[in-house]
Amino acid sequence: MARLVAMQPRQASPWASSSSPLLPSSLSEFSGAALSISLQKRRRTWQPKGALQVTASGAKKILIMGGTRFIGVFLSRLLVKEGHQVTLFTRGKAPITQQLPGESDQDYEDFKSKILHLKGDRKDFEFVKTSLAAKGFDVIYDINGREAVEVEPILDALPKLEQFIYCSSAGVYLKSDLLPHFETDAVDPKSRHKGKLETESLLDSRGVNWTSIRPVYIYGPLNYNPVEEWFFHRLKAGRPIPVPNSGVQITQLGHVKDLARAFVTVLGNSKASKQVYNISGSKYVTFDGLARACAKGAGFPEPEIVHYNPKEFDFGKKKAFPFRDQHFFASIEKAQRELGWAPEFGLVEGLADSYNLDFGRGTFRKPADFTTDDMILGKSLVLQS
Amino acid sequence: MAAAVTFAAPALPSLHSSSCSLPPLTHRSLSFVAFTSPTITKLSFHRSSRRFSSAPSTSVFSIKAAAAAADKKRVLVVNTNSGGHAVIGFYFAQQLLSSGHEVTVLTVGDESSDKMKKPPFTRFSELVSAGGKTVWGNPAQVGDIVGTAKFDVVLDNNGKDLDTVKPVADWAISAGVEQFLYISSAGIYKPLDEIPHVEGDLVKDDASHVLVEKYMAGLSFSSWAVFRPQYMIGSGNNKDCEEWFFDRIVRDRPVPIPGSGMQLTNISHVRDLSSMLSLAVENSAAANGKIFNCVSDRAVTFDGLAKLCAQAAGRELKVIHYDPKAVGIDAKKAFPFRNMHFYAEPRAAKEIMGWTSSTNLPEDLKERFDEYVKIGRDKKPMQFDIDDKILGSLKVAVTV
């Protein structure tokens with residue numbers, strides 16, 4: 001009987017363990033060159049014969065709304081490597097570029113020399129309209145838009161826009177007893193993410209060639225949402241991991257580099273016109289399982305997990321756990337089938353990548369705050385005594 | 001003997017990961033040809049043209065055409081005489097017959113057995129009316145039972161272990177059967193933190209089905225495939241599924257669900273399973289050497305299923321969660337599904353054969369409830385001993 005260690009290369013035997021694909025070493029340090037080559041190869045190999053060949057015909061003039069924080073950092077590098085002219089629209093509060101851990105000096109200098117910046121506040125709609133109209137762009141990547149009103153001036157400024165690619169969210173789906181979410185599922189007009197929905201509707205109503213990407217939870221180096229970071233703080237401190245209720249709730253993480261690749265895959269792709277795609281990891285995971293996966297990825301021993309009933313506590317404004325307390329996962333089949341995209345990071349590999357390039361080097365966005373943990377653990381201790 | 005041909009370019013375990021980028025679905029039939037050599041295409045035509053007088057079309061689309069006369073198969077279904085899987089053979093036989101194939105169903109045991117008084121066996125006359133043959137006997141003697149009859153395809157929907165399936169597989173080889181299909185079980189997957197179970201994932205070391213799967217693979221069938229199902233609903237089901245919920249809901253009884261009720265499972269309409277099997281028969285080259293999770297493409301939680309059953313019945317729902325250990329009962333006896341996340345996805349069937357799921361639980365459960373009432377089961381007197389034990393023990397805990 002085949003009993004294989006997770007990291008072995010894929011074998012022909014259907015009984016081999018392949019729950020974690022072997023990670024090419026070039027991906028453990030983000031190497032734009034390696035990725036763009038594999039992207040081009042992918043596009044060439046998997047276009048069906050006779051279908052409309054829409055390749056990125058020459059360099060595009062691309063504007064990324066945002067691009068200095070997380071997704072855009074990786075996306076902009078891929079686009080620059082592909083030869084496009086890429087501008088980042090930001091207020092300039094964060095540095096326009098930063099060298100990534102694992103990125104060679106040469107790669108960084110090359111990127112830095114090519115990336116352009118348009119300084120402004122996207123909430124200043126007049127400025128957005130005039131500056132974009134003045135410069136003219138072929139393609140917009142809207143990575144940080146939340147409300148439909150923010151998109152209107154962009155569309156007004158660029159009547160000849162070739163494509164508007166939007167970072168939406170799987171949070172728009174209406175909660176359901178039947179999962180995973182498919183792109184055809186009902187959406188929730190009252191959700192916290194209704195601005196994303198309204199933006200998608202606006203794009204559709206304006207007759208723009210739009211594509212919308214709906215990620216689930218994004219993770220990876222530079223994540224500013226404390227997803228994996230939340231677990232890493234506790235693992236490093238040797239603290240138990242407090243998980244609400246049963247811990248069998250299922251969630252889904254998608255690596256930012258895989259997401260960036262998906263964003264590039266839809267560029268100039270006629271199949272993606274007016275389409276929505278769920279983009280995330282290939283498998284889903286329980287809350288308890290995620291705690292264990294973070295430990296594995298970061299090289300910590302298996303953590304102690306403490307379950308608690310959130311109703312017994314008043315945490316005030318503090319968030320005691322980084323995930324919504326429900327099952328939440330989406331199928332990525334449509335993107336795989338129609339775009340020839342597939343995630344390259346398995347969960348443990350992806351968490352290792354995040355740890356090795358970020359938290360493990362001593363960097364994080366939010367300092368550790370164990371206030372809610374102590375409330376939970378304090379109460380558990382009392383019950384035991 | 002024609003060589004086993006695999007059209008799908010990626011190796012099986014990589015179905016859902018990076019190197020397996022698939023041609024868009026709409027161009028699937030074209031791209032199928034793009035990746036196969038002309039000689040292989042001719043081979044498959046040669047096989048089928050041996051049998052039929054009409055010259056097969058050389059159009060590539062006939063690889064995937066629904067059973068035309070040129071592609072008529074002679075199929076033997078070796079069917080279990082009880083349990084959750086019994087209904088699979090029935091639907092598969094019906095679908096094959098309506099597509100114009102020849103079908104013989106060999107059911108284990110005696111035609112006169114009490115087991116034949118339960119569905120789907122009570123409906124076997126439908127198979128006969130549709131032109132199928134139904135026979136009974138011991139699968140170990142399959143050769144004697146079918147005599148000189150020739151078959152192109154055999155489905156073993158019976159054996160859980162090598163002792164039971166080996167005689168059938170060995171006979172099939174000796175009798176020149178080209179395609180061997182086996183109903184295994186998604187229950188052999190090793191439970192992991194990451195979900196769902198995907199084809200190629202680790203299976204339990206001691207699972208008897210695995211030995212069968214490996215044995216089949218080692219034989220020289222032109223085409224072999226393994227199907228791993230979960231739970232099914234559908235008329236003709238031999239084992240209760242949704243009925244367990246209806247029984248309680250129509251009698252205004254609370255529905256006791258172990259644990260949190262958040263456990264995921266996969267409840268498929270059996271027509272999804274038969275459509276997947278039929279697709280494998282009609283695409284034997286593509287299906288060769290593959291494992292298919294034979295399930296619908298949605299998970300439902302225990303609580304969610306209870307809700308959907310209540311909605312289908314148009315009745316109120318009351319769910320009680322309990323800890324089986326604390327109550328002192330065996331959850332296996334108290335609840336129809338295994339008490340854990342148990343969810344496989346049909347990724348291989350979708351990617352390799354372009355299969356699609358048609359299970360629609362809200363609609364399907366309405367139909368199931370209509371039949372439930374039609375046969376008078378809602379009025380049937382019933383005992384709920386285990387339920388009462390659970391509810392009783394919970395009441396005891398509360399009054400302390």
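Modeller: Buried means under 20% relative accessible area, exposed over 50%, partly exposed in between (1.4 Å probe, protein chains only).

Biologist: Good. What kind of model is this, and how are residues numbered?

Modeller: It is a predicted model, where local features need pLDDT of at least 70, side-chain atom pairs count only at pLDDT 80 or more, and totals for chains, interfaces and linings use all residues. Residues are numbered from 1 along each chain as its sequence is written, chains are lettered from A and ligands numbered from 1 in the order written, and side-chain values use heavy atoms, without hydrogens and water.

Biologist: Which residues of α7(A) are buried?

Modeller: A:Glu228, A:Glu229, A:Trp230, A:Phe231, A:Phe232, A:His233, A:Arg234 and A:Leu235. That is eight of the nine residues in helix α7 (228-236) of chain A. Helices (H or I, at least four residues) and strands (E, at least two) are DSSP runs, numbered from the N terminus.

Biologist: What follows α7(A)?

Modeller: A:Gly238, with a positive phi near 65°.

Biologist: Now the sheet. What is the strand order in chain A?

Modeller: The order is β3-β2-β1-β4-β5-β7-β12 in chain A. This open sheet has seven strands and parallel pairing. Two strands pair if DSSP finds at least two bridges between them.

Biologist: Which strands are at the edges?

Modeller: β3 (116-119) and β12 (275-279) of chain A, each pairing on one side only. Neighbouring strands are turned by 20° against each other on average, direction ignored.

Biologist: How many bridges join β1 to β2 in chain A?

Modeller: Five, between β1 (residues 61-65) and β2 (residues 85-90), which run parallel. In β2(A), A:Gln85 is the bridge partner of A:Lys61.

Biologist: Which strands does helix α6 of chain A touch?

Modeller: α6 (194-205) packs on the sheet, touching β5 (163-167), β7 (210-215) and β12 of chain A. Contact means heavy atoms within 4.5 Å. The direction of α6 makes about 170° with that of β5(A). Axes are lines fitted to C-alpha atoms, for helices over the stretch in contact, and angles run from 0 to 180 degrees between N-to-C directions.

Biologist: Why does A:Gly281 count as buried?

Modeller: Because its relative accessibility is 6%. A:Gly281 lies in the loop between β12 and β13 (284-286) of chain A. Beyond four places away in sequence, A:Gly281 touches residues including A:Gln252, A:Ile332 and A:Pro343.

Biologist: How far apart are the C-alpha atoms of A:Gly281 and A:Val216?

Modeller: 8.7 Å, though the two residues are 65 apart along the chain.
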